[in-house]
Amino acid sequence: MADNEYSKSGLLKYKIKDYFGSIIDFNKSIEINPNIRAYVNRSQSKIKIKDYFGAIEDNTKAIEIDPNYAEAYYNRAISKRKLEDYNGAIADYTKAIELNPNPNYADTYFSRGFAKYNLKDYNGAIADYTKVIELNPNYADTYYYRGFAKYNLKDYNGAIADY
């Protein structure tokens, strides 16, 4: 099977939630042709099975191949956030936003806001949550979490408005 066939098979297995099977296929793809997509795709499967250290390693490898690949920073940030490395996650989310300031990146701002909230940077969290609302006013969870951040700053009226 050619590299591309292993990658396709890995993606199909990912879609049917066969994460271990997808990792096996991406491993074969990487053996044949160590490319950025295969590393990033494998990292997503590793995130699903909670192998956050493995996912960080894959995304770091992808970043070594192409330091301007925003998705690798985003995926690495997810793993760092899951491991409660909030500073590392914030740095990677920020780099992903810098490289791809796509208005569809509301999830990136939301996740960075969550990391800032966990570091008790409530003003920073509010700024990120506000950006999410600008990008997608229907992202309901954002109001909820922004309300918590405002509550922690004793902005009770602002918290009530968001809740």
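Helices (H or I, at least four residues) and strands (E, at least two) were taken as DSSP runs and numbered from the N terminus. On this basis the protein chain contains 10 helices and zero strands, and its pattern along the sequence reads α-α-α-α-α-α-α-α-α-α. The structure is a predicted model, in which local features need pLDDT of at least 70 and side-chain atom pairs count only at pLDDT 80 or more, whereas totals for chains, interfaces and linings use all residues. Residues are numbered from 1 along each chain as its sequence is written, and side-chain values use heavy atoms, with hydrogens and water left out.

The C-alpha trace of the protein chain spans about 60 × 30 × 25 Å along its principal axes. Of the 163 residues, 49% count as buried, where buried means under 20% relative accessible area, exposed over 50%, and partly exposed in between (1.4 Å probe, protein chains only). The accessible surface, computed by the Shrake-Rupley method with a 1.4 Å probe, comes to about 8700 Å², of which 51% belongs to carbon and sulfur atoms. Among contacts (heavy atoms within 4.5 Å) with a separation of 6 or more, 42% are accounted for by residues 24 or more positions apart.

Lys and Arg were counted as positive and Asp and Glu as negative, without His and the chain ends; each charge was placed at NZ of Lys, CZ of Arg, CG of Asp or CD of Glu. The mean positions of the 23 positive and 22 negative charges are 2 Å apart. A search of the whole structure finds 13 salt bridges, each defined as a side-chain nitrogen of Lys or Arg within 4 Å of a carboxyl oxygen of Asp or Glu.

One of these salt bridges joins R42 and D58, with the closest N and O atoms 2.6 Å apart. Because R42 lies in helix α3 (residues 36–48) and D58 in helix α4 (residues 52–65), the pair ties together parts that are 16 residues apart in sequence. Both R42 and D58 are buried, and a network of salt bridges links R42, K46 and D58. A salt bridge also forms between K116 and D128, at 3.2 Å between the closest N and O atoms. K116 belongs to helix α7 and D128 to helix α8, so this pair ties together parts 12 residues apart in sequence. K116 is buried at 13% relative accessibility, as is D128 at 3%. Within helix α1, K8 forms a salt bridge with E5, the closest N and O atoms being 3.8 Å apart; K8 and E5 are three residues apart and thus separated by about one helical turn. K8 is partly exposed at 43%, and E5 is partly exposed at 38%.

Surface patches were assembled from residues with over 30% relative accessible area and no salt bridge, joining like charges within 9 Å and nonpolar side chains (Val, Leu, Ile, Met, Phe, Trp, Tyr) within 5 Å. K17, K48, K50 and K82 form a positive patch. K17 lies in the loop between α1 (3–15) and α2 (19–32), is exposed at 61% relative accessibility, and has a positive phi near 70° although it is a residue other than glycine. K120, likewise not a glycine, has a positive phi of about 65°; K120 is placed in the loop between α7 (106–118) and α8 (122–135) and is exposed at 61% relative accessibility. A nonpolar patch of about 460 Å² is made by Y144, Y151, Y156 and Y163. Y156 is found in helix α10 (residues 156–162) and is partly exposed at 40% relative accessibility.
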